[in-house]
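Hi,

Here is the structure I promised to pass on. Have a look at it first, and then read on for what turned up.

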Amino acid sequence: MIRLRRVYEEPERDDGVRVLVDRIWPRGVKKDELPLDEWPKELTPSPELRRWYHGPDGDFDEFRRRYLAELTADEPNAALTRLHELDRAGRTVTLLTSAKDPEHGHPAVLAERLDEMRDGKGS
């Protein structure tokens, strides 16, 4: 199971593997106070893509398309495959972000891609 949660929420017992999917450490959170298993920065969108998306021309559908293309590069694909393997092994994978709206950003795209991989679509 793939879950999305904000880093500011209290951890839950069934979070499974907790993975921070933000490039920079979340504000106001001490590193020793965030229960975390992995922090694969290579899964985050490129700085250029982030700037474009948060700029005046940013569009979620186009962002999604561009980000999925970035995930096919070697390093992001290897990190994505690692999370897919955890999911396929029956582990819950909780994607953590500091984003105010994780459903309209890269964590949602990651979760969608992992779900597709589980369902055999483009794995």
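Predicted model: local features only at pLDDT ≥ 70, side-chain atom pairs only at ≥ 80, totals over all residues.

The partner is Arg65, and the closest N and O atoms of the two are 2.6 Å apart. Both sit in helix α2, and because they are three residues apart there, about one helical turn separates them. Glu62 is partly exposed, at a relative accessible area of 23%.

Some of the charged residues are joined up: a network of salt bridges links Arg3, Arg5, Glu9, Glu12, Asp14, Asp15 and Arg18. Two pairs from that stretch are worth a look on your screen.

One is Arg3 with Glu12, where the closest N and O atoms are 3.0 Å apart. Arg3 has a relative accessible area of 16%, so it counts as buried, while Glu12 has 40% and is partly exposed.

The other is Asp15 with Arg5, with 2.9 Å between the closest N and O atoms. This pair links distant parts of the chain: Asp15 lies in the loop between β1 (2–6) and β2, Arg5 lies in strand β1, and they are 10 residues apart. Are these two buried or exposed? Asp15 is buried, at 1% relative accessibility, and Arg5 is buried too, with a relative accessible area of 4%. The cut-off for buried is under 20%, which is why both get that label.

Now for the nonpolar side. The largest nonpolar core has 21 residues, and Leu83, Leu95 and Leu110 have the most contacts inside it. At least two core residues come from each of β2, α1, α2 (60–70), α3 (74–88), β3 (93–97) and α4 (106–118). The biggest share is from α4, which gives five residues. In soluble globular proteins, nonpolar side chains tend to be buried together.

Last, the surface. Arg23, Lys31, Lys41, Arg50 and Arg51 form a positive patch there.

Cheers

Terms used
Residues numbered from 1 in each chain as written. Heavy atoms only, no water. Patch = residues over 30% accessible without salt bridge, like charges linked within 9 Å, V, L, I, M, F, W, Y side chains within 5 Å. Areas by Shrake-Rupley, 256 points an atom, 1.4 Å probe, with all protein chains shown as cover. Salt bridge = Lys/Arg side-chain N within 4 Å of Asp/Glu carboxyl O. Lys, Arg positive; Asp, Glu negative; His and termini not counted. Charge placed at Lys NZ, Arg CZ, Asp CG, Glu CD. Core = buried A, V, L, I, M, F, W, Y, C linked by side-chain atoms within 4.5 Å. Buried < 20%, exposed > 50% of the residue type's maximum accessible area, 1.4 Å probe, protein only. Helix = DSSP H or I, 4+ residues; strand = E, 2+ residues; numbered from the N terminus.
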